[in-house]
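Colleague: I'd like to learn how to read a model like this one. Could you walk me through it?

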Amino acid sequence: MAGRRVWLWTVALLAMVASVSGASEPRQPNIVFIFSDDHAYQAVSAYNDARKLLETPNIDRIGREGVRFDRCLVPNSICGPSRATVLTGKYSHLNGFYNNNNSRFNGSQTTFPKLLQAAGYQTAVIGKWHLVSDPTGFDEWHILPGQGDYYNPPMVHNGQPVRHEGYVTDLITDFSLDWLKSRDQSRPFLLMCQHKAPHREWSPALRHLGHDQDRQYPEPETLFDDYRGRGKAESDQRMSIAKIMTPLDLKLTTPASLNPAQRVAWDAYYGPRNAQFEQANLKGDDLVRWRYQRYLHDYLGCVKAVDEGVGRILQYLDDEGLAENTIVVYASDQGFFLGEHGWFDKRWIFEESLRSPLLIRWPKVARPGGSTSAIVSNLDFAETFLDAAGLVVPDEMQGKSLVPILKGESPADWRTSFYYHYYEYPEPHHVRPHYGVVTDRYKLLRFEADDLDSWELFDLKTDPHELKNVFQDPNYRATVAELNQELLRLRAELKVPELTPEGASGNRPAVDPQAK
Ligand code: CA
C-alpha cells in the first residue's frame, strides 16, 4: 500500500515538473503561412518543370524537409476568391466572394484565424490582402491597399495609412520578421506572410534586374496555340501575350512609383534593351517571342525575391529554435500561365491555372522528402490548421485536414474528384464563366455565358496539354455520363445553387488592363 502511494506521488511530481518545464514551449504548433500571388508551379524548381526556368532553393527546402503536393487545386482561380476560400474553407458561393470586380469579403463570418485567435494564438497578416473589407481575426494587420505597388508601396497598418521606402517583397518579409521578433513568446502564433509578387506587372527588385544574364528561355510547346480543337471560349479570350500585354507589363514605360535614384537603376537595365528592341522593329511571331522572353525575365525576377524572403524566414525559425514546432506552408493563390496556350494570367480550369504550388514542412509529423498526387486544395488549409491546433473544425467548412496526407497515410475516403467554378466576366480578360469536375485523368466542363452554353471534355492521359475537346467523341460517351453524374453529385454535396446568383460575374463594363 505504502509502495503504491510513493509511486503515485512520484508520477504526480514528474507530471508537475514536465508541465513547468513545458510552460514556455507551447504544445500547439506555430503556423507560418507564406502565400504568394500568381506563382506558377512551373516557376518552382521543386516541381522540375521541363523548361527549368529558375532555381528556388528556399521554397524547395520546405518540400525537401516536408511534403510536396503535386495536385493542389483551387476552386476559383483568381486572387480575391482564393483568399476568401483560404480563410473560410468554403467555396465562393458560400463565402460570398465570387470575383475581384464587385465582391467584398464579409468579415463577420467564421475564419480559421478567428478560431485560432480565440484559442490563444497570436495572429498576423502582412502583405497582400485584396478582400476590400478590413481584416478581422488578426492582432496585427499590415496590408497593401488593393493590388499594391512594387516599389515604395503605401500600406495600411492596423487601420492607419503608412508609406514605406523599398521593394514590396523585401518589406513584407521585413515586417513579418519584425512581428515575429516582437511576439509574446509564451503563446503560439499564426503568421500569414502574403506577397504581392509575382503578380502582374511583374516588376523585379532592382538587384535582380540582371538576374538571368539575358538568358533565352525555352518556349512552351503551345506558345503559338491556334485554339483549334476547342470552342469559342478559348479563342475569344483576352489574355494572350501576343495582343494584351501593356507597355508597363513589357517595361517599355517606367513604373511611376520609383523614386529618382531607383529610376536611374531601372533605366540603366531596361533603357539599352528597350532601345535595341525599338530598333529591331519586330513583327508577328518574332514580336511574340520577344514579349515572352521579357515577360519571363520580369516574372522570374519577382520570384527570386520571394524565394529569398522564404529563406530569411526559415533562417529565423532555425536561429530561434522554432523550426521544430512550426508548420511552414508555401503556396500561391492559384497557378499561372507562363506562355502555355500563348497566355499569361489564370482563371481557367486548365492545369497551369487550376494548380497551385504547395509545400508543407512540419517536423516530426510530415514525412521529409514526401510527395503526393492526392487531389488537395486551398479549401483544406483552414481545416488543416485547426486540426493541427487540436481545435474543432466547424461543420460548414468544405475542405479536409491534410494532416493524414502529411503523415504519408492514404485515407480511403480521400476525394478523387474536385469541383471548379469560375465567375468573373467579361472584364478584365474575357474568360467566360465555367464550372466543371476534375479527376486524376479527366476534366468535364460547361461554359455558361449569355452568348455561350457549351460543354468540353479533356483527357489528360492522351492530351496532357489540353488541346482537344473530346466531348462529342463517341468513344467517350460513357465517360461523359459518368463524369456528369459526379458533377451533379458534387454540386449537391457542396450546395451549389442551381442558378448563378445575380452579380456573381461582377460584370464590370470598362476595360482596365491593369486589373488583377
Ligand atoms: Ca492571384
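This is a predicted model: local features need pLDDT of at least 70, side-chain atom pairs count only at pLDDT 80 or more; totals for chains, interfaces and linings use all residues.

Colleague: Is Gln334 buried or exposed?

Modeller: Burial is judged by relative accessible area, and under 20% means buried. Gln334 has 0% relative accessibility, so it counts as buried. Asp333 is also at 0% and therefore buried.

Colleague: Which protein atoms are the donors of the calcium ion?

Modeller: The donors come from Asp37 (OD), Asp38 (OD), Cys79 (SG), Asp333 (OD), Asp333 (OD) and Gln334 (OE1), and they lie 2.1 to 2.7 Å from the calcium ion. Along the sequence, the donor residues follow the spacing D-D-x40-C-x253-D-Q.

Colleague: Why is the arrangement around the calcium ion called irregular?

Modeller: Look at the angles. Six donors count as octahedral if opposite ones are over 155 degrees apart and all others between 65 and 115. Here the 6 donor atoms subtend angles of 52 to 160 degrees, so the arrangement is irregular.

Colleague: Which residue does Asp38 meet in a salt bridge?

Modeller: The general idea is that side chains of opposite charge can pair when their charged atoms come close. In this model, Asp38 pairs with Lys346 at 3.1 Å, N to O. The two are 308 residues apart, with Asp38 in the loop between strand S1 (30-36) and helix H2 (57-64), and Lys346 in the loop between strand S8 (326-332) and helix H10 (351-354). Both Asp38 and Lys346 are buried.

Colleague: What network of salt bridges includes Asp38?

Modeller: Asp38 is linked with Asp345, Lys346, Arg347 and Glu424 in a network of salt bridges. The whole structure has 40 salt bridges.

Technical notes:
Residues are numbered from 1 along each chain as its sequence is written. Side-chain values use heavy atoms; hydrogens and water are left out. Donors are N, O and S atoms within 2.8 Å of the metal (3.2 Å for Na, K and Ca); water is not among the atoms, so sites may look incomplete. Four donors count as tetrahedral if all angles lie between 85 and 135 degrees; four count as square planar and six as octahedral if opposite donors are over 155 degrees apart and all others between 65 and 115; anything else is irregular. Buried means under 20% relative accessible area, exposed over 50%, partly exposed in between (1.4 Å probe, protein chains only). A salt bridge is a side-chain nitrogen of Lys or Arg within 4 Å of a carboxyl oxygen of Asp or Glu. Helices (H or I, at least four residues) and strands (E, at least two) are DSSP runs, numbered from the N terminus.
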